[in-house]
Amino acid sequence: MHDLGKALSPKDNLPHHYGHENAGLPVLEKLCQRLRVPNTYKILATHVMQYHTHCHKAMELRAGTLTDLLATLGTHKQNNQFAEFLLACEADAKGRTGFENRPYPQAERLRAAAKAISAVDISSVLTGDLQGGLIGEAIRRLRIKAVADVINAEQAL
């Protein structure tokens, strides 16, 4: 379902499918309504459709972008579908002939980043003097630093 938007690509752009990730969202929405897809599956399908390209490019993304992606995927929440998201993205990457046995380090990068984010101690921000949106921004900065540390550690190997 993640590539439904490719069917909407203008013929003069083929074989490229620019923006297919978001183009397919209305089609996915209608399909989920018509088939009465449970909300948890619909959310997972939406995330895979919108962000599978981000996952494939995880080794190129900056710490801030990775942090925002993981926040959007809700990796910090209980009962998230992060493992399923990574599985779908890896299946997409390995779904072409000749790619079946290639490594997919992007999944491990995202797992390590999510683990680093979950280990961030935000208590000092919550008990500090910040108010409103400044609290969220301070937490985001701490999480970005944790993800940057993961990236830097990987690059040092």
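Helices (H or I, at least four residues) and strands (E, at least two) are DSSP runs, numbered from the N terminus. This is a predicted model, in which local features need pLDDT of at least 70, side-chain atom pairs count only at pLDDT 80 or more, and totals for chains, interfaces and linings use all residues. Residues are numbered from 1 along each chain as its sequence is written, and side-chain values use heavy atoms, with hydrogens and water left out.

**View 1. The protein chain has eight helices and zero strands.** Along the sequence the pattern reads α-α-α-α-α-α-α-α. Of the 157 residues, 33% count as buried (buried is under 20% relative accessible area, exposed over 50%, partly exposed in between; 1.4 Å probe, protein chains only). Contact means heavy atoms within 4.5 Å. Among contacts between residues at least 6 apart in sequence, 64% join residues at least 24 apart.

**View 2. Helix α5 (residues 82-93) packs with helix α6 (residues 105-118).** Their angle is about 160°, and the axes lie 10 Å apart. That makes α5 roughly antiparallel to α6 (angles under 35 degrees count as roughly parallel, over 145 as roughly antiparallel, 65 to 115 as roughly perpendicular and the rest as oblique). Axes are lines fitted to C-alpha atoms, for helices over the stretch in contact; angles run from 0 to 180 degrees between N-to-C directions.

**View 3. Side chains where α5 meets α6.** Phe82, Leu86 and Glu90 come from α5. Their partners in α6 are Ala107, Leu110, Arg111 and Ala114. By class, this contact has five nonpolar, no polar and two charged residues.

**View 4. The largest nonpolar core holds 25 residues.** Such a core is a set of buried Ala, Val, Leu, Ile, Met, Phe, Trp, Tyr and Cys residues joined through side-chain atoms within 4.5 Å. Phe82, Phe85 and Leu110 touch the most other members. Elements giving two or more residues are α3 (39-56), α4 (63-72), α5, α6 and α8 (133-156). Leaving aside neighbours within four places in sequence, Phe85 contacts Leu44, His47, Val48, Tyr51, His52, Cys55 and Leu73.

**View 5. Buried residues of α4.** Ala63, Gly64, Leu66, Thr67, Leu69 and Leu70 are buried. Their cover includes α3, α5, α6 and α8. Gly74 follows α4, with a positive phi near 70°.

**View 6. Ala119 in the loop between α6 and α7 (123-126).** Ala119 is exposed, at a relative accessible area of 62%. The C-alpha atoms of Ala119 and Ala146 are separated by 8.5 Å. Along the chain these two residues are 27 residues apart.

Key
Ala, Val, Leu, Ile, Met, Phe, Trp, Tyr, Cys and Pro count as nonpolar, Asp, Glu, Lys and Arg as charged, and the others, Gly among them, as polar.
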